[in-house]
Amino acid sequence: MSSTFPFPRLKRMLLYASLAASLTPPTSAWADDAKALLKTMSDFLAAQKTISFTYQSSLEAVTPDFEKLQFVSSGTANLTRPDKLRVTRTGGFADLDVSFDGSSLTVHGKNLDAYAKVDGKGTLDELIDRLMTAGVEAPGADLLSSNVYDALISDVTQAKHISSAFVGGVECEYLAFRTPEIDWQIWIQSGPQPIPRRYVITSKHVVQAPQYTLEINDFKSGADVAAVSYTIEVPASAKTVDLSELQSLDELPEAADVGEIK
């Protein structure tokens, strides 16, 4: 009797997913391995004084009609520890240039011809803490801290080293972690440079479990990093606004901007 399932390829994928879910690893040993691999990545990143990389991120949103939408952005990141950061992000609703020079944070919304400047001397860790305290969501920012391990592991209730995997043709270790509010996965490059290649956060208590995904490419450190200015040259035409007025810092558009129904 032939199958009546209308999408045979999808059927196979679901079967494979079911099989994968049934492969229960030896939790205790794999948990220790996952934490050790995460700590190795954290120590490697902390030892790099200067870092640059490009990235692509996607943020999912679920509409009141239960339609899942995915908003994709890409950009660059440069940082010099302990207190210099330059990040750009271009997406469908924002074109941002963000700089922290150790004394002030400047956010330039190039598409809005507006910028905000917030004074505050400190380290990158202190900057990330202040932004989160102020309610500015910056998924993936934990990967920029000087102690990624402590930033990520604090609420973890379960850790697994799933398998080896390949991201962009690069062999990685695939790890999965659970917390009370979110699940997150990370793919760490195998070998002497344990770089985070892919990072996925799942909001498991939100309907349809939307995800944030960050993929890192062209990672460089030390002398391989090209010189970059940590001061933004804001055009004279740009108006000064409050940080809260720069829309789409969190990558999501206003509800009215998600397209017309046709």
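**View 1. Contacts of Phe177.** Leaving out neighbours within four places in sequence, Phe177 is in contact (heavy atoms within 4.5 Å) with Ala34, Leu38, Ile153, Val156, Gln158, Ala159, Asp183, Trp184 and Ile186. The model is predicted: local features need pLDDT of at least 70, side-chain atom pairs count only at pLDDT 80 or more, and totals for chains, interfaces and linings use all residues. Residues are numbered from 1 along each chain as its sequence is written, and side-chain values use heavy atoms, without hydrogens and water.

**View 2. The nonpolar cores.** A nonpolar core is a set of buried Ala, Val, Leu, Ile, Met, Phe, Trp, Tyr and Cys residues joined through side-chain atoms within 4.5 Å; buried means under 20% relative accessible area, with a 1.4 Å probe and protein chains only. The largest such core has 48 residues, and those with the most contacts inside it are Leu38, Leu143, Phe177, Trp184 and Ile186. Helix H2 (residues 27-47) gives the largest share of this core, 5 residues. Another core, of 6 residues, lies apart from it and includes Ala165, Cys172, Tyr174 and Val200.

View 3. Thr213 sits in strand S11 (residues 211-221). Helices (H or I, at least four residues) and strands (E, at least two) are DSSP runs, numbered from the N terminus. Thr213 counts as buried because its relative accessibility is 11%. Not counting residues up to four places away in sequence, Thr213 touches Gln56, Ser57, Ser58, Arg198, Tyr199 and Val200.

**View 4. The whole protein.** The secondary structure comes to 4 helices and 12 strands. Of the 262 residues, 40% count as buried.

Definitions and conventions:
Buried means under 20% relative accessible area, exposed over 50%, partly exposed in between (1.4 Å probe, protein chains only).
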